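Here are some notes for a colleague who is opening this entry for the first time. Please read them with the sequence and the structure side by side.

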Amino acid sequence: MNAAKRYEIFRRLREANPSPKTELEYTTPFELLISVLLSAQATDVGVNKATRRLYPVANTPAKILALGIDELMGYIQTIGLYKTKAKNVMATCQILLDKHGGEVPRTREELVELPGVGRKTANVVLNTAFGELAMAVDTHIFRVSNRTGIAPGKNVDIVEEKLMKFVPKEFLLDAHHWLILHGRYTCLARKPQCWNCIIADLCEFKGKTPTPANA
């Protein structure tokens, strides 16, 4: 895919959604960090249901530690892998208090040292909470990048590297959200809605889904 196509793709995505936001509900960098940590192999909808109950009661490292792990698990037990996630949340809260004064660190190196926080989670926090130019490649972004030809790659690291290189800088801050939302609602895994896609004529996917009879 050439640079002109990429530019037009992101121009259209911006035009359709000038101020994209994460669908995770949060009010502080710490809440976002915990929500992203909980969202692994879970939906944003499911995480939000749990955190709507949790955050009014405990939304700082100290308050979550004061809850204790058993009570924390009671709040998040509807989320997949909740026992492991609860342990990671508690350990993360302790490290934030011990090493960072209770604040969320602003470097990728420090973020990935937190239990349960990998590069993808760190990039979400850097981009969404702190406005850094970072690209968190989840399954949606990986699929859209490969299927459209925007940034094809065999693994998430290659796709991340290519996106950071190829996405025009004026779109880079919001590109993460546009690609996730496009993958979540239009460029679906099993049956992409190509007939309802604003970038279909620019997309290089050869197996485009035809318009269904009832569309």
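**Notes on a predicted model**

1. The residues that line the largest cavity divide by class into 8 nonpolar, 4 polar and 2 charged. Please bear in mind, here and in the points that follow, that this is a predicted model.

2. That lining is made up of 14 residues, and those that lie nearest the centre of the largest cavity are H182, C187, C194, C197 and C203. The volume of the largest cavity comes to about 90 Å³, and the structure holds 1 cavity of 30 Å³ or more.

3. A second topic is the pairing of two helices, α3, which covers residues 44-54, and α5, which covers residues 69-76. Their axes come within 8 Å and cross at roughly 135°, which makes α3 oblique to α5, since angles over 145 degrees would be needed for roughly antiparallel.

4. Which residues of α3 meet α5? On the α3 side they are A50, R53 and L54, while α5 contributes L72, G74, Y75 and I76. Sorted by class, the residues of this contact of α3 with α5 comprise 5 nonpolar, 1 polar and 1 charged.

5. Finally, the loop between α3 and α4 (61-67) contains T60. Although T60 and C93 are 33 residues apart along the chain, their C-alpha atoms are separated by 8.0 Å.

Technical notes: Residues numbered from 1 in each chain as written. Predicted model: local features only at pLDDT ≥ 70, side-chain atom pairs only at ≥ 80, totals over all residues. Heavy atoms only, no water. Axes fitted to C-alpha atoms, helices over the stretch in contact; angles between N-to-C directions. Helix = DSSP H or I, 4+ residues; strand = E, 2+ residues; numbered from the N terminus. Parallel < 35°, antiparallel > 145°, perpendicular 65-115°, else oblique. Contact = heavy atoms within 4.5 Å. Nonpolar A, V, L, I, M, F, W, Y, C, P; charged D, E, K, R; others polar. 1 Å grid on protein atoms, 1.4 Å probe; cavity = no way out; pocket = protein on both sides within 12 Å on 5 of 7 lines; lining within 4 Å. Points joined across faces, edges and corners; volume = space filled by probe spheres on them.
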